[in-house]
Amino acid sequence: MKADLATAFVCKLLFVMDLAVIAINPDCLFPFIYKGVSYESCITKDRSAMWCATTSNYDSDRRWIECYGRGENVALGGCATQSSILLHDTHRVGFLSHAINAIDGNPDPNFSHGSCTHTEMEDDPWWRVDLLSTYQVNVISVTVRYNFKERMNGTEILVGNSLINYGNNNKRCGSISSIESGKTVNFPCKGMVGRYVNVVIRGRKEYLALCEVQVFAEPEKQILPKKKG
C-alpha cells in the first residue's frame, strides 16, 4: 500500500549522552596483520593517528591509511519516510516495515525481528531521512537484510538539501554494485553537505529493504564574511 506522503514522516528523538563514534574509513580492511598480530579495528601503534591497513597483511604489503576522526551518527535523531510500506503480507505489517526502523540504532539484519524497513514492489522505491539540520557528511553506513541480496544491486545513496523528486535528484555519495546478505557497507561522502539522505533503486520495479542507515557527520562549517577595514 502506498504511504500517504502527508503522514509518512515519523520522527524519533533519542536522548543519548554520547552519540560520537568512530566512523571508519571504508578503505580499511579487517582483520589485518601488523608485526605478526591480527587486528580487528584501527590502531595507533607506531603512529600518532589511528590507522588501518588496506590489505590483509601490512607486514608484506606496507599499505595503510588513517582512520576517520570522531563523528556523530546524526540519523538517530532524524525523521524517516519511504515511498511505500509493505502491508499485503500478514507476516510483514505495521512496525515490521516502517521507515523509522532504519534509524532505530539496531542493525539486526533479520527482517522478522522488526528492525528493518520494507517497501512494496514498485517502480523506483526510495527511503529518506531528514537530519533536521544541514551537515557535512563524512560516511554513510548501510546495513541490508538477510536474503534477497540481489535486490540491492544498483542502489544509490544520495545527499543534499533538495526535496525535488522526493530528494532523489540530490548528489550521489555512492552506490551498491553488490553486497553480501545481512552485511554493512560504508560510503565515504568526503564532507558532502546536506540535510537529506536518500536511498533509492532507479529504473526498475523492486522492493527496497534497509535494516540500518547510519550517517556520520559534523555540523556544516559556516564561512564568516571578512571584516571590512
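Are Cys-116 and Cys-211 buried or exposed? Select the two: Cys-116 is buried, as is Cys-211 (buried is under 20% relative accessible area, exposed over 50%, partly exposed in between, with a 1.4 Å probe and protein chains only). You're looking at a predicted model, where local features need pLDDT of at least 70, side-chain atom pairs count only at pLDDT 80 or more, and totals for chains, interfaces and linings use all residues. Residues are numbered from 1 along each chain as its sequence is written, and side-chain values use heavy atoms, without hydrogens and water.

Stay on that pair: a disulfide (cysteine sulfur atoms within 2.5 Å) joins Cys-116 to Cys-211, S to S 2.0 Å. The link is right-handed, with 95° about the S-S bond.

Next, pick Cys-173 and Cys-189, whose sulfur atoms sit 2.1 Å apart in a disulfide. This one is left-handed at -95°. Cys-173 lies in strand E12 and Cys-189 in strand E13, so parts 16 residues apart in sequence are tied together (strands, E, are DSSP runs of at least two residues, numbered from the N terminus).

Now jump to Cys-28 and Cys-52, joined with S to S 1.9 Å. The S-S torsion is about -80°, so this disulfide is left-handed too. Cys-52 is buried at 0% relative accessibility, and Cys-28 at 11%.

Notes. Helices (H or I, at least four residues) and strands (E, at least two) are DSSP runs, numbered from the N terminus.
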